[in-house]
Amino acid sequence: MSAIAAIIAGCGGDRPELFRAGVIAEDEFDPEVWGKIFPLQYESWLATGQMRPSGKSMYKKGWDDDKVVYDKLSEFPFLALLYNGWGFGVEYNEPRGHFFAIIDQLEIDPSRVKPGGVCLACKSPMHKTLTKQKGLAYLTANFTDAVNMIPEKLRKTGPACIDCHNSSDMTLRTNKLHIENGLKTIGKKNPTRQEMRLIVCGQCHNTYTVPRDANMKVAGDVQLPWSGSRWGAITIENIIKDLLKDSSRLEWKQNVTGFKMPFIRHPEFEMFTNGSIHFNAGLSCADCHMPYKRSGSYKISSHDLASPVKQDFTACAQCHTEGADWLRKQVFTTQERTISLLNRAGYANAVVAKLFEIANNHAAKGGSIDRGLYDRAKDYYMQAFLRLVFISAENSIGFHNSTEAGRVLGDSVAFANRAELLIRKALTDSGIRLPENVNLELNKYLTNRGKNKLNFRREQEFKDPYNNQRYFTTGESKGL
Ligand code: HEC
Ligand code: HEC
Ligand code: HEC
Ligand code: HEC
């Protein structure tokens, strides 16, 4: 432990010095103005708009110099079936740099920004200010109108200096109401500087819900489903309990099953802080994503946030002496194991969804079905589904907390298997003959999506690296 403490202290002790040559107003939103005083950090921040070298990362190819857009629905074809019914089932791409946060929203299929102004929550530095000034008139405005409420120069500005810094002394801060509320919910007070190096990222890289009224219309700013949790232990069990506690969290209707459902988004903060090795060793996001670097004769924190794999593991080298090859192997092995389990859980969920479709069609034609069994199957399915979404939405493919990723996906498979057993029993009790392998018809969900008529990109699929999925899902039954 003392060796670890020395490592962490060592990282913090030799930090960049602050050179400042002027004053920035407290409410200055424009990074260019901050950049006049801190040109090196500004330049580094702008670099998030650049393409990354291709061929480095195995699973996170966002905006690489191969210029390919990586489509999560082709990578994980079962998600096209499961998310069919709203924007995520139409166009869902791998992320790219902060520079594109709003640009990507303007470019993506309009179904993805249907909720309106509230979609700017983790994109625009003006979100909190506009929410305070205009309330629902901004949050529920259609997306283009909401963007037009932002002063023209800042309409395409994503995560900005003011989101993370107090201009007076450059200490770290947050700029989102939902994180203030979220930290209160889990009873977190007076975070240390090292914890702030985590919370500034966690203000956006967390899972939020967009609250809805009885007609599923947006009813307020985003909220964090953190009730019942505490700092260092925001568990998937508590998140699911929170999401299922009332109908305000039901954001969309899954077409295949007809179920109204909650959703889970990019839970990097929750996943990392829930007892991962690196969190327990005292690390924050910035330790791996914002390594110190030389810029001329100055030392700065890199503001070019990206995959450490694409940055040749320089951040890791402050603590690990094993070398880039060893680190790459550790990261890739962890990710391959996660991808294998994601296949297992994804297809197990997809099969259950299709069985519900058969049951619903049977009931629609006046057939009877045992409601008790059906409802129990639905409860198990919901547990399985939300666990799958949790890990597939998390952006490190298991690396941020590998043992937790394995645990959650293992449970997803187990819940899905029980759901399948229950719904199969309900169907066979009603005299319906079922095939051993249910046809998933994936092609139907992957073809001709949205205004750009997107299709399946076979070469992007993340197949099981251990080639075991074939024992559970036959090629034919995928319908691809
Ligand atoms: C104001 C919200 C916000 C804050 C604060 C924020 N992020 Fe992000 N981050 C985003 C969004 C939105 C995206 C996706 C952008 C896109 O794909 O258009 C993203 C993408 C990323 C990516 C992917 C980059 C790539 O090249 O694919 C990394 C890495 C990242 N963020 C790390 C961090 C870290 C580390 C912090 C804290 C130091 C942080 N972010 C703080 C909103 C935020
Ligand atoms: C111990 C180092 C480490 C820590 C700490 C860490 N990450 Fe990561 N992160 C990684 C690695 C490694 C990847 C995988 C990148 C890849 O596969 O290309 C990754 C991936 C990501 C990605 C996806 C990057 C992309 O290119 O799409 C995001 C976003 C991200 N991390 C955000 C965070 C946030 C937010 C935190 C804190 C809550 C955090 N990370 C903490 C190492 C770390
Ligand atoms: C997503 C959050 C985030 C954004 C956006 C951001 N910073 Fe930072 N910045 C940090 C973190 C984290 C540190 C490290 C602070 C620490 O260790 O106490 C830092 C450190 C700094 C420092 C201290 C010296 C150094 O390099 O460590 C300066 C100056 C700075 N940032 C300027 C800026 C400017 C200018 C912008 C906008 C162009 C900006 N930052 C945008 C998170 C951010
Ligand atoms: C600030 C120091 C620090 C940084 C930066 C850091 N690590 Fe670690 N890492 C640790 C510590 C401490 C442990 C735990 C060692 C132990 O318990 O034996 C650890 C453990 C690990 C392990 C073994 C545990 C596991 O999860 O399988 C791997 C692999 C690893 N780190 C990879 C990385 C990678 C890749 C990066 C950069 C993206 C990175 N680390 C960045 C300090 C760091």
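Which elements cover the buried residues of H12? Among them are H10, helix H11 (177-185), helix H14 (268-273) and H16.

Before you select anything, note that this is a predicted model: local features need pLDDT of at least 70, side-chain atom pairs count only at pLDDT 80 or more, and totals for chains, interfaces and linings use all residues. Residues are numbered from 1 along each chain as its sequence is written, while chains are lettered from A and ligands numbered from 1 in the order in which they are written.

**Stop 1: H12**

Select helix H12 (193-202). Helices here are DSSP runs of H or I with at least four residues, strands are E runs of at least two, and numbering starts at the N terminus. Arg-197, Leu-198, Ile-199, Val-200, Cys-201 and Gly-202 of H12 are buried. Buried means 20 or more other C-beta atoms within 10 Å of the residue's own, exposed means 12 or fewer, and partly exposed lies in between; C-beta atoms are placed from the backbone. For the cover, contact means C-beta atoms, placed from the backbone, within 7 Å.

**Stop 2: ligand 1**

Now show ligand 1. Its shell has 25 residues, and the closest are Gly-62, Pro-95, Cys-201, Cys-204 and His-289. A shell residue has its C-beta atom, placed from the backbone, within 6 Å of the molecule. H6 (101-107), H12 and H16 (285-289) each supply at least two residues. H16 gives the most, with 3. By class, the shell has 14 nonpolar, 7 polar and 4 charged residues. Nonpolar covers Ala, Val, Leu, Ile, Met, Phe, Trp, Tyr, Cys and Pro; charged covers Asp, Glu, Lys and Arg; the others, Gly among them, are polar.

**Stop 3: ligand 3**

Move to ligand 3. Here 26 residues form the shell, with Gln-41, Cys-161, Cys-164, Ile-300 and Ser-301 the closest. Two or more residues come from each of H2 (31-37), H3 (39-46), H10 (161-164), H12 and strand E4 (298-301). The classes are 17 nonpolar, 5 polar and 4 charged.

**Stop 4: H13 against H18**

Select H13 (residues 236-243) and H18 (residues 371-393). Ile-236, Ile-240 and Leu-243 in H13 meet Gln-383, Leu-386, Arg-387 and Phe-390 in H18. This contact divides into 5 nonpolar, 1 polar and 1 charged residue.

**Stop 5: Leu-136**

Finish at Leu-136, in helix H8 (residues 136-139). Leu-136 counts as partly exposed because it has 16 C-beta neighbours inside 10 Å.

Notes:
Axes are lines fitted to C-alpha atoms, for helices over the stretch in contact, and angles run from 0 to 180 degrees between N-to-C directions. Two residues are in contact if their C-beta atoms, placed from the backbone, lie within 7 Å.
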